[in-house]
Amino acid sequence: MIAVRELTKAYGQTLAVDHISFEVPRGQIVGFLGPNGAGKSTTLKILTCYLPPTSGGATVNGFDIFHESEKVRETLGYLPENCPLYTEMKVREYLDYRGRLRKMPRAQRLRRIDYVIERCWLGPVHHKTISHLSKGYRQRVGLADALLHNPAVLILDEPTIGLDPAQIRETRKLIRDLAGHHTVVLSTHILPEVEATCDRAIVIAAGRIVAQGSPDELRASRRLTARVLVECRGPRSEVQAALNRVSGVSTVEILDGQSADAQYVVAALRPKDGYDIREEVARIVIQRGWPLREVRLEHATLEEFFVQVTANQAMARSTQEVQVAS
Amino acid sequence: MTRATTIARRELTSYFYSPIAYVAMAVFLIACSFTFWDDFQPGEIAGMRNLFNWMVWLLVSIVPLLSMGLLAQEWSTGTIEALMTAPVSESDVVLGKFLGSFAFFLVMLAPTLLYAAILALYANPRIDFGPIRSGYLGIVLVGALFISIGLFCSSLTRSQIVAAVATAAVLFAITIVPWWASGKLLSQTWRTVLDQTVFKRYTDFSRGIIDTGHLAFFLFFTAVFLFFTTKVLESRRWK
């Protein structure tokens with residue numbers, strides 16, 4: 001449905017988007033995840049034909065974003081960042097204007113306006129002036145506009161920003177409901193949003209794709225960086241040496257000041273790929289006669305994973321820039 | 001309805017929500033009525049020539065108020081992004097914005113037709129409608145040119161104030177400066193240059209002369225500024 005090839009966007013000397021490629025199959029919801037300034041919005045602006053790419057290209061629904069821009073814009077609905085609206089207009093008036101701009105025939109236009117007003121919970125405010133609406137309602141007006149012409153592709157730039165928790169839940173549910181009929185690309189820097197709404201996440205940092213996969217796959221990948229914490233009473237160096245010999249353990253690190261009791265040591269063990277070392281570790285500690293308080297598998301949170309991959313990327317980028325400069 | 005007229009309709013409607021448009025309209029009509037009142041005396045000529053000349057002066061300060069927000073506001077609020085990602089072309093947007101603003105200008109001008117009616121009632125022996133018709137044609141052409149210049153200035157900046165000041169400066173330079181210079185002793189070259197400006201060409205219309213050269217001048221330069229504005233909108237694709 002959406003195919004992006006080697007897309008690059010440079011603002012002067014800085015690369016906002018750096019040779020990214022990905023595909024989104026029909027009916028899938030894809031989350032574009034990354035810290036602020038990672039290039040999410042820029043990528044979405046290119047996909048919606050608002051900005052041209054510096055190099056590379058993309059097709060949306062089979063149409064080239066550069067050469068068939070008008071066709072692309074007909075098939076997609078876009079909610080820009082910060083949801084800009086003509087605030088002096090009334091909700092229904094605005095949607096009617098947007099429908100006319102898309103040349104929707106009158107009967108269809110009126111039917112779709114009624115539909116999106118109901119769908120986006122705008123019923124109570126549909127005769128109000130947009131400037132009098134709260135941020136949450138405005139966001140929904142933007143969403144209603146994006147849905148108005150029943151587009152095959154929906155591109156939503158931070159759809160839940162500025163909403164309260166109840167509205168966030170409602171909006172996520174709405175986006176979930178849209179899956180199947182629409183292909184959705186949404187950007188966010190909120191991790192639970194991806195888990196809650198997306199089939200697949202593309203993690204982007206400093207203009208590059210650093211990880212992608214379904215939330216399950218990402219969760220699987222963070223299990224690789226999980227660690228096992230062991231708390232037992234024994235001589236520090238001997239504990240470390242004994243645990244190091246357990247099969248499947250790759251590193252052992254003694255954490256200082258972790259235990260409330262000075263006699264106890266806390267060791268953090270990184271297992272090798274695919275090993276569950278907890279039982280073996282417990283057996284060894286008991287065998288040595290060291291009182292054991294805890295053996296715990298600690299999942300690295302998705303948050304941690306995210307911070308790690310994006311920080312690595314940013315650091316790599318800044319050293320690169322230093323090299324270029326010198 | 002085409003996309004340009006859809007945009008024009010929205011633009012025209014939005015003027016009626018804006019206090020600035022009402023202020024501009026009120027100032028224009030009050031100032032016009034004072035001029036008319038001044039001229040509408042026994043023994044004076046039953047014409048509107050003074051009024052038409054005065055209108056051009058007024059438009060130099062009023063058109064910037066009407067045109068400043070046309071695109072500058074779209075840039076500053078970001079609505080341009082929603083607009084340009086709908087299936088519309090740059091020329092649809094520029095033409096729509098221009099037509100919407102021009103329509104408001106015509107609405108603002110319409111009440112002054114009342115003066116022509118009043119003159120027709122009281123003129124003795126009879127009013128000559130020729131110069132009034134050509135005068136209106138002239139003012140409509142001047143309005144179109146001024147608005148297209150204003151639209152162009154509005155496309156260059158996010159700030160409505162900057163757009164208004166820039167427009168006023170350009171209009172001042174092509175209208176009031178030549179009027180002021182026309183009273184001075186100047187070389188033949190400067191005279192020829194001055195004859196090309198809005199002021200000189202416009203005064204012919206208010207005298208009742210419809211010169212195709214003047215007509216072409218206004219239409220051509222209106223089109224030129226609309227074309228430039230389209231290029232400015234397209235320029236985001238080259239950056």
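Author: The crossing of α3(B) with α11(B) is right-handed, where right-handed means that the near helix is turned clockwise from the far one by less than a right angle, and left-handed that it is turned anticlockwise. Before going on, please note that this is a predicted model, in which local features need pLDDT of at least 70 and side-chain atom pairs count only at pLDDT 80 or more, while totals for chains, interfaces and linings use all residues. Residues are numbered from 1 along each chain as its sequence is written, and chains are lettered from A and ligands numbered from 1 in the order in which they are written.

Reader: Ok, and at what angle do the axes of α3 and α11 of chain B cross?

Author: The axes of α3 (residues 49-67) and α11 (residues 198-207) of chain B cross at roughly 150 degrees and come within 9 Å; axes are lines fitted to C-alpha atoms, for helices over the stretch in contact, with angles from 0 to 180 degrees between N-to-C directions. The two helices, α3(B) and α11(B), are therefore roughly antiparallel to each other (angles under 35 degrees count as roughly parallel, over 145 as roughly antiparallel, 65 to 115 as roughly perpendicular and the rest as oblique).

Reader: Which residues of α3(B) and α11(B) meet there?

Author: From α3(B) there are B:Arg49, B:Phe52, B:Asn53 and B:Val56, and they meet B:Tyr202, B:Thr203, B:Ser206 and B:Arg207 of α11(B); residues are in contact if their C-beta atoms, placed from the backbone, lie within 7 Å. By class, this contact of α3(B) with α11(B) has 3 nonpolar, 3 polar and 2 charged residues (Ala, Val, Leu, Ile, Met, Phe, Trp, Tyr, Cys and Pro count as nonpolar, Asp, Glu, Lys and Arg as charged, and the others, Gly among them, as polar).

Reader: And how does α2(B) pack with α3(B)?

Author: Helix α2 (residues 19-39) of chain B packs with α3(B) at about 165 degrees, the axes being 10 Å apart. That makes α2(B) roughly antiparallel to α3(B). Among the residues of the contact are B:Val27, B:Phe28 and B:Phe36 of α2(B), together with B:Trp54, B:Leu58 and B:Ile62 of α3(B). The contact of α2(B) with α3(B) divides into 15 nonpolar, 2 polar and 1 charged residues.

Reader: What about α6(B) and α12(B), parallel or oblique?

Author: The axes of α6 (residues 90-109) and α12 (residues 212-234) of chain B cross at roughly 130 degrees and come within 9 Å, and α6(B) and α12(B) are therefore oblique to each other. Residues making the contact include B:Val94 and B:Phe98 of α6(B) and B:Leu226 and B:Leu233 of α12(B). In this contact of α6(B) with α12(B), 6 residues are nonpolar, 3 polar and 2 charged.

Reader: How many helices and strands does chain B have?

Author: Chain B has 12 helices and 0 strands, counted as DSSP runs numbered from the N terminus (helices being H or I of at least four residues, strands E of at least two). Its C-alpha atoms fill a box of roughly 60 × 45 × 30 Å along the principal axes. A compact globule of 239 residues would have a radius of gyration near 18 Å, and the 19 Å of chain B agrees (the radius is taken over C-alpha atoms, and the rule is 2.2 Å times the number of residues to the power 0.38).

Reader: Switching to chain A, what order do the strands of the open sheet have?

Author: The open sheet of 4 strands in chain A has the order β2-β1-β4-β5, with antiparallel pairing; strands pair if DSSP finds at least two bridges between them. Its edge strands are β2 (14-24) and β5 (63-64) of chain A, each pairing on one side only. Strand β4 (residues 55-60) of chain A is joined to β5(A) by 2 bridges, and A:Val60 has A:Phe63 of β5(A) as its bridge partner. Helix α1 (residues 40-47) of chain A lies across β1 (2-11), β2 and β4, at about 120 degrees to β1(A).

Reader: Which strands does β11(A) pair with?

Author: Strand β11 (residues 227-233) of chain A pairs in the antiparallel sense with β14 (residues 292-298) over 6 bridges, and 6 bridges also join β11(A) to the antiparallel strand β13 (residues 264-271) of chain A. A:Val228 has A:Leu297 in β14(A) as its bridge partner, whereas A:Val230 stands opposite A:Ala267 in β13(A).

Reader: Last one: how many residues of chain A are in contact with chain B?

Author: In chain A, 20 residues are in contact with 18 residues of chain B. On the chain A side, α2 (69-75) and α3 (91-101) each supply at least two residues, and α3(A) gives the most, with 4 residues. That side of chain A divides into 11 nonpolar, 2 polar and 7 charged residues.

Terms used: Contact = placed C-beta atoms within 7 Å.
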